[in-house]
Amino acid sequence: MTSARREHPEHGSGLSAAISARANYHTIAALRRLAHCAILLLSILTATSAHAAKVSDISKTNLGEQALRFFTLQDPSLRYALLGSILLGITCGVLGSFIVVRKMALVGDALSHAVLPGVALGFLWGQTKDPFAIFIGATIAGLIGTTAVGLIKQTTRLKEDAALGLVLASFFAVGICLVTMIQRLPTGNKSGIDKFLFGQAAAISAGDVRLIAIVAVLSVAAITLFYKECLVSSFDVGFARAAGLPTRLIHHGIMLLLAFAIVVALQAVGVVLVSAMLITPAAAAYLLTDRMHWMLVLAAVFGMISGVLGAFLSFLGNNLPTGPFMVLAASAVFVSAFLFGPRHGVLVRWWKHRSRADRIGRENALKSIYRVLEERDFHGDGVSLRELAQLRRESIEEARAESVELKRHALVSTHEEGNMLFFTPTGWQRACEIVRNHRLWELYLTNAVQFAPDHVHEDADKIEHVLGTETVRELERRLQFAKRDPHGRLIPGLDDIYPGNLVRRA
Amino acid sequence: MHDSTPALEIHDLTVAYHKKPVLWGIDLEVPRGKLIGIIGPNGAGKSTLIKAVMGLVPISSGWVKVFGQPFKKSMQRIGYVPQRESVDWDFPVSVMDVVLMGRYGRLGLIKRPTKEDREVARACLEKVYMLPFANRQISNLSGGQQQRVFLARALAQESDLYFMDEPFSGVDAATESAIITLLHELRERGKTMLVVHHDLPTAREYFDMLILLNMRLVAFGPTSEVFTNELLQTTYGGRLTILSDVAEAVKEQRIL
C-alpha cells in the first residue's frame, strides 16, 4: 500500500487542487462537485496510464483473472469489501432519499467534510486504525460541525448555505492538516489514513463491516418503523407538529443516522465523495417515481448497484480508490434516469414534443385544405397541390411532403399521381374541428375579452390545437352557438362534419 | 363534558418572532360552534396567533387553553390547514397520501394507517369533490385543488376545533364556494373554526364572528357588531407606529 502511494504522486496534486477548491464554496455546490470529479478522474486516468506504462505487460488475461477472482469471492478481504459496499449502498440510498426531499443535500456534504478532523483524532488516540475509535471521533466532529452551523445561523445574519460552506471548508482544512501530520509520523505511512480521503473498499476490515451492518440495520429499521412520521414531517413540518408528532426528535434522529452513515462510509467512499453516494442514487430515484416508498426502494437498489460496481472496478484496477468509481456508477444511473425516465425523462419529453409538433403540422395542413375548399364555396371535392401550396405560400415540394404525411395518417386520399387531395371522412371531421376551434376562439376573444379583431388570429392559431371538447362546448354555449366568426366567415358546426352536408352547404 | 367551557381561551398572550414582538397581550374567549374570521392588515400577526395557539411558535408570556385544557392535552381535538405555500408541492406523495396524514396524529407512533383510516380519507376527499384525484401526484393539481386536498386532510383529523390559514387565498370561485359550504356544514355539526382571511367584503358575509387584529386585539364579537367603519379604521388605517417602534427597540435591546 505504501508503494502504491509513491507510484501515484498525482493523488497528491489532485488533493491540493481539491483543497484550494474548498475556498470557493459559496458558489454553487454542484459545480464544485463536478470539479472534484474531474480532478479525480484525471488523476486516476494518469495514474493508471503511468502504472500500465511501467508494468508494460498488463494484459487482458490479467484483467480477466482479476474479474474471476472478484466473482468467485476467493479473497476474504474482497468479501468484506463487497458486503460492506452493498450495505453502504442501501443505507445511503434510504437515508439519502429523505435528505433529498428535506432539501438537506448540502448539510450532508458539509457533515461529511466536517468529520475528517474526528477521523484523524480517533486515529491519533489509538495510534492504529481502530474502527471504533475513528467512529467515535468522527461522530463527535460531525456533531460539533452541525452545532457550529446552527450557532452561526442563529447569531449572525449569515444564511444556512454560507454557514455550511464556512464549517465545511474550515473543518476539512483542519482535517487535512492532521492527516498530513499523521502521515509524517513514523507509523504514519503504514496507517492507511490517506485512504479516508478517496476511499478504499479493499481496506474494509471485519470490524468495519460489523459497524456498517449495525448502521445499515439501524437506518433501515428506523425508517421502516417511523416511515409515516418521517414522511409527514418532511412534507409539512408545521402540520406534523400541530398533530402532536415529535418533529424535532425525528429531525435529530435523521441527522444522527446521517452522521453514522457518513462515518461508516468513509473507509469505502472517502470524505470527499461520500455525500455524492447519499444524494446521487436518491436523486435518480426521485426522477423516476412520484411516490416516496418507491423512491426509497429504488434509491436503495441504485445505491447497492453503485457500491458493487465501484468495488468491482476498483478491484479490477488493482485497488484504485473506490469512492470515485462508486460515485461514477451512481452518476451513470442518474444520467440514465435523466435521459430515459419514463415520465420525466428528457427523451420522453423530446418525443412528446416532437409528436405534438407533428400533429400541429398536420392540423394546419388540414385547415389549409378546408380554406381552399371554402374559398371556392365548396365546389368540387378535390384540392390540388398547387392550390394548397399557394394558400400556404410554400413550394409544391413542401405541399407534397405534407400531403404524404396526411395520407399516412389516413386523413386524405390522393389521386392523379398525388397531385389531387381528397378528405377522408376522418380528415374532414378533423379539419372542421380545427377551423371551428379557431373561429370560436377568435369570436370569444373579440366578444368576451374584447380584443381588437386584427389581434386575435395569431392567438387562435395556437389555441385551436389545444382546446378540448369540454371547452369547445362551453365556448359554444357562451357564444350562443354563433354562426360567423369576427371576419364574417361561417363557423363549421357539428352538422357539417359529415361529407353529405358539404354539398348541401355549397 | 362541560358544554359551557369555551373552545379556546387565550390569556394575555404575547408572541415574539426573532426576539421582535408581533402580538401583544391578546385576551380571547372563543365560544363553541362558531365560524370565526381573523382579519387584519399584513403583518398584523394573524398567522402568528393561530401558530402560537398550536405551539408552533414559542410564546413569550400568557397561556392558552383548548376546551379547558392545555394545548398539549387536547392536540387530538385540533385540526389545522396551513398556508398552501408552506409546503413543496413537488414532494413525491399522492393526494391520498396527503389526506391520510390527517390520521397520523390519532394513530400514534409506528402504527400504520388501517383500512378504516383509508375509508375516512376517501370520504373526506369525496366531500371536497377530489376523490377522482386520489392517486394523482400532488404537483399535477391546480391551486384550488391543492387547497381542497389540505382541507380534506384537516377533515380527516376529525377534530372539534379547526385553525385555517388563508384557505381562500388563490383559489377559484368554485373552490371558494365549496369550501364555504363545507365550513357551514362543519358548524352545523358543532365544530368551531378560526379562519385567517384577508378579504374584507367576503369576511362580512362568511363569518359569524370576527377577530380584528393588528399586533393587539382590536375587537372580537359578532360580525354585525364589530364590522363597523370605526373599528375597521382602527384595525387597518390607524397607524400603530408606537407599537412597532417599541417592538424594534425590544428586539435591539434583547429584552424578551
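**Reading the model**

Reply: Arg153(B) is buried, with a relative accessible area of 0%. Buried means under 20% relative accessible area, exposed over 50%, and partly exposed in between, with a 1.4 Å probe and protein chains only. This is a predicted model, in which local features need pLDDT of at least 70, side-chain atom pairs count only at pLDDT 80 or more, and totals for chains, interfaces and linings use all residues. Residues are numbered from 1 along each chain as its sequence is written, chains are lettered from A and ligands numbered from 1 in the order in which they are written, and side-chain values use heavy atoms, with hydrogens and water left out.

Me: Where does Arg153(B) lie, and with which residues is it in contact?

Reply: Helices (H or I, at least four residues) and strands (E, at least two) are DSSP runs, numbered from the N terminus. Arg153(B) belongs to helix H4 (residues 143–156) of chain B. Contact means heavy atoms within 4.5 Å. Leaving aside neighbours within four places in sequence, Arg153(B) is in contact with Phe235(A), Asp236(A) and Phe239(A) from chain A, and with Pro82(B), Val98(B), Val99(B), Met101(B) and Gly102(B) from chain B.

Me: How many residues does each chain bring to the contact, and what area is buried between chain A and chain B?

Reply: Buried area is the accessible area (1.4 Å probe) that two parts lose on being put together, summed over both. Here it is about 2,600 Å², of which carbon and sulfur atoms give 66%. Lys228(A), Phe235(A) and Phe239(A) supply 31% of the area that chain A buries against chain B, more than any other three residues. The contact takes 26 residues from chain A and 31 residues from chain B.

Me: How many salt bridges does the rule find across the interface of chain A and chain B?

Reply: A salt bridge is a side-chain nitrogen of Lys or Arg within 4 Å of a carboxyl oxygen of Asp or Glu. The rule finds three across this interface. One pair that meets in a salt bridge is Arg291(A) and Asp97(B), at 2.9 Å, N to O.

Me: Are the residues of E8(B) buried or exposed?

Reply: Five of the five residues of E8(B) are buried. Thr192(B), Leu194(B) and Val196(B) point one way, and Met193(B) and Val195(B) the other way.

Me: What is the order of the three strands in the open sheet of chain A?

Reply: The order is E1-E3-E2, and the pairing is antiparallel. Strand E1 (383–384) and strand E2 (412–415) are the edge strands, each pairing on one side only. E1(A) and strand E3 (residues 420–423) of chain A pair over two bridges, and Ser384(A) has Met420(A) in E3(A) as its bridge partner.

Me: Which residues of helix H7 in chain A are buried?

Reply: In H7(A) (residues 116–126), Leu116(A), Pro117(A), Gly118(A), Val119(A), Ala120(A), Gly122(A) and Phe123(A) are buried. The elements against which these buried residues pack include helix H8 (131–155) and helix H14 (247–269) of chain A. Just after H7(A), Gln127(A) takes a positive phi of about 60 degrees.

Methods. Pairing = 2+ DSSP bridges.
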